[in-house]
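Please read them with the structure open.

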Amino acid sequence: MKKVGIIGVGEYLPKNVLTNADLERKVDTSDEWIITRTGIKTRRLVSKGQAASDLGINAAKKALKDAGLAAEELDLIIVATITPDMQFPSTACFVQQGLKAVNAVCFDVSAACAGFVYALVVAQQFIAVGTYKNALIIGSEVLSTITDWKDRNTCVLFGDGAGAAVLVPVKSGGILSTVLGSDGRLNELLQLPAGGSRNPATHKSVEERLHYIKMRGNELFKLAVKLMAGAAQDALKLAGLECKDIDWVIPHQANIRILMSMAKKLDLPVEKIYLNIDKYGNMSSASTATALCEAVKSKSIKKGDIVLLDAFGGGLVWGACVIKW
Ligand code: UT7
């Protein structure tokens, strides 16, 4: 089995900024509540007509440039998204078209907020066994299109964005361990009820606002802390490492309080957790992807660092991955 590592990253955040003050004018909320309960100050929103593949293509171009790879050289494109351009074709195929990555095999993965970690693990398998010699993975979301802007319990949380990474075989370091988990029994805690084959779109489903994210936040909170901490411990154990060996945690950014509680559980200094939730809110699969890109580009992550990706989301699904940078 080949070792696999990340050789390029890129991100794209749409330019429209939505502040907590803007939300105070839409629903019964306050800047103070949002900051203290979630850590979010602003989030980005797409311009009209911008879809997940548009964001993903922008992020991918930067990642390819960073990796020094031409689009035609790509073997595999995996897009993690819960807001695909269409039910089908896959958003990965739209990305392929946009990049002119004519030689790539393309598909999406559906693993909600853990999607980027799932995509990374899937890509790693293909490269490790030698099926493909490289892969582009993307987490891209336009959550503003599935957010109920009348529901204060959810609309203050989400934002739009995309992050990408290029994976290839590496001589040393790279991905040291991966852990994935799922528990479908808890699917009702976070879902988009309508628009699929269970509840196809009807006038009634639209009137009942079933095409928007439904979330039981309070119940998810405790599970997020438990499962993200557990995934981190399992991935570290598999890598033969301990918490004290971690230089950076790049987590899914659902709530700053989840991450502080996780740090406490793991006895991990909070300064080691890379945060961008204040600027972008929860962007599902794009949160981990953009945080990784920012941490690399800002030189927070340095060569030789031990980096832990850790994510959790609707499904339930979770995943963690230890990488030697
Ligand atoms: O992305 C992966 C999966 N997602 C998660 O893991 C999300 C996990 N959950 C959370 O982050 C938090 O549960 C939330 C941020 C969603 C909510 O925070 P909370 O501290 O759990 O609040 P809560 O739902 O227990 O509500 C507390 C109070 C309620 O009022 P009462 O019943 O105590 O009078 C809510 O109605 O806060 C109220 N509330 C708000 N108040 C002002 C809920 N949303 C708002 C709001 N502004 N936007």
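1. Helix α11 covers residues 285–297, and its length can be checked. At 1.5 Å a residue, its 13 residues should span 18 Å, and the end C-alpha atoms are 19 Å apart, which agrees. Bear in mind that this is a predicted model.

2. How many of the 13 residues of α11 are buried? Twelve are, so the helix is largely enclosed by the rest of the structure. The buried residues include Ser 285, Ser 287, Thr 288, Thr 290 and Glu 294, along with Ala 286, Leu 292 and Val 296. Just after the helix, Lys 299 has a positive phi of about 65°.

3. Helix α4, residues 91–99, has as its buried residues Thr 91, Ala 92, Phe 94, Val 95, Gln 96 and Leu 99. An α-helix has 3.6 residues a turn, so residues three or four places apart point the same way. The cover over the buried residues of α4 includes helix α3 (52–67) and the strands β4 (76–80), β5 (105–109) and β6.

4. Another belongs to Asn 255, at 2.7 Å. For His 252, an N or O atom of the side chain is 2.9 Å from a ligand oxygen. On its own the ligand has 950 Å² of accessible area, and the protein covers 74% of it.

5. The loop between β6 (135–142) and α6 (152–155) holds Ser 144. Is Ser 144 buried or exposed? Its relative accessible area is 15%, under the 20% cut-off, so Ser 144 counts as buried. Its side chain makes a polar contact of 2.7 Å with the side chain of Asp 160. Apart from neighbours within four places in sequence, Ser 144 is in contact with Leu 45, Val 46, Trp 149 and Asp 160.

6. Thr 147 is also placed in the loop between β6 and α6. Thr 147 is buried, with a relative accessible area of 1%. A polar atom of its side chain lies 2.7 Å from the backbone oxygen of Leu 143. Not counting residues up to four places away in sequence, Thr 147 touches Cys 155, Phe 158, Tyr 212 and Ile 213. Lys 214 is 67 residues from Thr 147 in sequence, yet their C-alpha atoms are 8.9 Å apart.

7. Ile 246 sits in the loop between α8 and β11 (248–251). Its relative accessibility is 1%, so Ile 246 counts as buried. Leaving aside neighbours within four places in sequence, the contacts of Ile 246 are Leu 236, Leu 268, Lys 272, Ile 306 and Leu 308. Between the C-alpha atoms of Ile 246 and Lys 324 there are 9.7 Å, although the two residues are 78 residues apart along the chain.

Key: Residues numbered from 1 in each chain as written. Predicted model: local features only at pLDDT ≥ 70, side-chain atom pairs only at ≥ 80, totals over all residues. Heavy atoms only, no water. Helix = DSSP H or I, 4+ residues; strand = E, 2+ residues; numbered from the N terminus. Buried < 20%, exposed > 50% of the residue type's maximum accessible area, 1.4 Å probe, protein only. Polar contact = N/O pair within 3.5 Å; in protein donor to acceptor, adjacent residues only side chain to side chain. Contact = heavy atoms within 4.5 Å. Areas by Shrake-Rupley, 256 points an atom, 1.4 Å probe, with all protein chains shown as cover. Expected span 1.5 Å × (residues − 1).
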